[in-house]
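Here are my notes on the model, point by point. Please read them with the structure open.

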Amino acid sequence: LSERLSGVFDRLTKQGALSEEDVKTALREVRVALLEADVSLPVARDFVKKVQEQATGQAVTKSITPGQQVVKIVHDALVDVLRGEDDPGKLKIDNPPAPILMVGLQGSGKTTTTGKLAKRLKEKEGKKVLMASLDVYRPAAMDQLSVLGAQIGVDTLPIVPGQKPVDIAKRAKQQATLGGYDVYMLDTAGRLHIDEVLMDEVEQVRNVVTPRETLLVVDGLTGQVAVEVAEEFDAKVGISGVVLTRMDGDGRGGAALSMRAVTGKPIRFVGLGEKMDALETFEPDRIAGRILGMGDIVALVEKAQETIEAEQAERMMKRMVKGQFNMNDLRMQLEQMLQMGGMQGMMGMMPGMGKMAKQMEDAGLDDKILRQQIAMIQSMTKKERANPQILQASRKKRVAAGSGMDVSDLNKLLKMHRQMSDMMKKMGKMGKGKMLKQAMK
Ligand code: GDP
Ligand code: MG
């Protein structure tokens, strides 16, 4: 950290921001929690390091301990890493017939998941689905898929004994085309461990059908192994997504984080049991809570933050309607913007403010400037904050010097405050704040 930045943090620390020590202490426990959840060591280490940089200096919400605040920050960071696609349940399967290749180790849940997914595509998306088993090594495996097919009302490719996986794949493609299927799913054989023969076979199949989606099915109870499996399959065959099975068990699902961090591939579905409808779209929030195992704390912090935001908004609203919007209010806004990572998030929601937010952002009103503006307000006396119009030349000089800024910077801040307070007065008159209240809910 540059001297200047640490100076900023020092100042923040005095006002209830997270100190490096707070963060370090809390993260020690987070690291243990991650490892207990079977997150691989390098991934846990990297993740904690990133969060440490991010968390230090952040403001602590009233009525929450620094430790609790760090847990919340960690939780949000976890969700960020885990979130892959906007809609993980939406597979890229237009252009019929779209091949989906299911790969993974033996017993990971490929056949079961093939059935679950076929059922989902049929019922939720109205797709006509064909399933084919490429598992020629275990005779029972082909029957297993046929039985599932009959159970969920999805067609399976007729079994021809003695055919090689590649030939079955070709036959499935042909049948899917002729039969007017939207999707055909190829359930491959797995081994107990990764081996060359298996990989070559899957590769050949891939070359024959060019899958639209290649889903890696992984047992959510396996930790470290999952990462190796994912890396290997991705390198050799190329995967488009992951399905995490057995998440109905008591594993904490750390594999999800490891795989996501290592391969960068999205987790799309989660298996929650043996039944055909026990498949859900992946929700990063839920898995994050599970990995961290500190859901209570996260909920507590969220509640506290909501309460305080609501209180602040209400107070500010009352003042605005009365045409009072002083420097304390502005500072509160600036701090919220800092927390929300930018102007547009905060102001974009307020009617009439979206455009101004955009202008401010275009004008380079980023974190650094927000911090500088907050510093200038901090250098004002109580009286000046309540009545910024008393800031004449000599007071301006003092305030600017006190915050290490120029008078011209201070003038810009004052002008911004005037504009905002004018706008708020107008809005207050317009709807007695009702509209604003609505927008800030
Ligand atoms: P494959 O060898 O990869 O095809 O694995 P299977 O689909 O045959 O599944 C192996 C076993 O795991 C079966 O007994 C399944 O019922 C079970 N299984 C699969 N997915 C899940 C899941 O999400 N939860 C639970 N509890 N069991 C599952
Ligand atoms: Mg199978």
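**Notes on helix packing, the ligand shell and a loop**

1. Helix 2 and helix 4 are oblique to each other. This is a predicted model, and the points below should be read that way. Helix 2 spans residues 20–36 and helix 4 spans residues 66–82. Their axes are 9 Å apart and the packing angle is about 60°. The crossing of helix 2 and helix 4 is right-handed.

2. Which residues make the contact of helix 2 with helix 4? Helix 2 supplies Asp22, Val23, Thr25, Ala26, Leu27 and Val30. Helix 4 supplies Pro66, Gly67, Val70, Val71 and Val74. By class, the residues of this contact are eight nonpolar, two polar and one charged.

3. Helix 5 passes helix 6 in a right-handed crossing.

4. On the helix 5 side, the contact uses Thr111, Thr114, Gly115, Ala118 and Lys119. On the helix 6 side, Ala141, Gln144, Leu145, Leu148 and Ile152 take part. The contact of helix 5 with helix 6 divides into five nonpolar residues, four polar and one charged.

5. Helix 5 also matters for reading the ligand site. The largest share of the shell around ligand 1, three residues, comes from helix 5. There are 18 residues around ligand 1. Gly109, Lys110, Thr111, Thr112 and Gly271 come nearest. How does the shell divide by residue class, and how many residues are polar? Eleven are polar, four are charged and three are nonpolar.

6. An unreviewed UniProt entry annotates residues 266–279 as "domain: SRP54-type proteins GTP-binding". In the model, this span is 43% strand and 0% helix. The end C-alpha atoms of residues 266–279 lie 16 Å apart.

7. The loop between helix 4 and strand 1 (98–103) deserves a check, starting with Pro97, which is placed there. A cis peptide bond joins Pro96 and Pro97, with omega about -5°. Asn95 is found in the loop between helix 4 and strand 1. Phi of Asn95 is near 60°, a positive value in a residue other than glycine. For background, most residues other than glycine have a negative phi, and most peptide bonds are trans.

How values were computed:
Residues numbered from 1 in each chain as written. Chains lettered and ligands numbered in written order. Predicted model: local features only at pLDDT ≥ 70, side-chain atom pairs only at ≥ 80, totals over all residues. Left-handed = near helix turned anticlockwise from the far one by under 90°. Helix = DSSP H or I, 4+ residues; strand = E, 2+ residues; numbered from the N terminus. Contact = placed C-beta atoms within 7 Å. Nonpolar A, V, L, I, M, F, W, Y, C, P; charged D, E, K, R; others polar. Near = placed C-beta within 6 Å. UniProt positions renumbered as here; feature names shortened; annotations may be inferred. Axes fitted to C-alpha atoms, helices over the stretch in contact; angles between N-to-C directions. Parallel < 35°, antiparallel > 145°, perpendicular 65-115°, else oblique.
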